[in-house]
Amino acid sequence: MGKIYEVAFQLAGKLGSSFNSTFLSAQKTVSTMDGQIKNLTQSQAKITRFEKLKKEVISTEKELNQAQLKVKQLAEAIKFTDNPTKSLAKSFEKAKSEAAKLKDKLADQQNQLGKSRQEMQRAGVSVLKLAEDHRKLSTDLEKLKKSKEIYTAFNAHAEKFKTST
């Protein structure tokens, strides 16, 4: 009978240390996954910001082209008018001012876009393969979240098992 208890104690000791190391390993894995999820989420945010900035640049370029065209048309109208009205001169000055503001806005947006491009390159995201990288990041993020759920469920079950023994 003493031999049975001795074997039981040895088995419990081996199981306990193995169980604890497995449990700690699973906790570390979940922590690592949290970090990876955070990094992937930040990369996705950078891509989204870049895409938004790119659309804004395109929109501002169109507005600037229209404003410059208006300035050109008003300048020609003034040039071919013997005695331009105050209203025409005022419209011309307003159009020039608007075009200048749009030009400054565009330069600022292009600067922000360049910085965003550099951030993405440092994060390992290719601007040339943006759509592909965005899809890959989304897929990787989903896989990582599912793996984390599995490890979290494992930890919960392991904790229940640990407290019941």
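1. Is Glu56 buried, partly exposed or exposed? In this predicted model, Glu56 has a relative accessibility of 27%, so the residue counts as partly exposed, given that buried means under 20% and exposed means over 50%.

2. The side chain of Glu56 meets that of Lys52 in a salt bridge, with 3.5 Å from N to O. Lys52, at 54% relative accessibility, counts as exposed. Because Glu56 and Lys52 are four residues apart in helix α1, about one helical turn separates them.

3. Two salt bridges are counted in the model, and Glu93 and Lys96 also meet through their side chains in such a pair, at 3.6 Å from N to O. These residues belong to helix α2, which covers residues 86–122, and since they are three residues apart there, about one helical turn lies between Glu93 and Lys96. Glu93 is partly exposed, with a relative accessible area of 44%, and Lys96 is likewise partly exposed, with 37%. As background, side chains of opposite charge can pair when their charged atoms come close.

4. Thr60 is also worth a look: this residue is found in helix α1 and, at 1% relative accessibility, counts as buried. Leaving aside residues up to four places away in sequence, Thr60 touches Leu102, Lys105, Leu106 and Gln109.

5. Ile47 lies in helix α1, which spans residues 2–79, and counts as buried because its relative accessibility is 0%. Although Ile47 and Ser126 are 79 residues apart in sequence, their C-alpha atoms are 9.8 Å apart in space.

Terms used:
Residues numbered from 1 in each chain as written. Predicted model: local features only at pLDDT ≥ 70, side-chain atom pairs only at ≥ 80, totals over all residues. Heavy atoms only, no water. Helix = DSSP H or I, 4+ residues; strand = E, 2+ residues; numbered from the N terminus. Buried < 20%, exposed > 50% of the residue type's maximum accessible area, 1.4 Å probe, protein only. Contact = heavy atoms within 4.5 Å. Salt bridge = Lys/Arg side-chain N within 4 Å of Asp/Glu carboxyl O.
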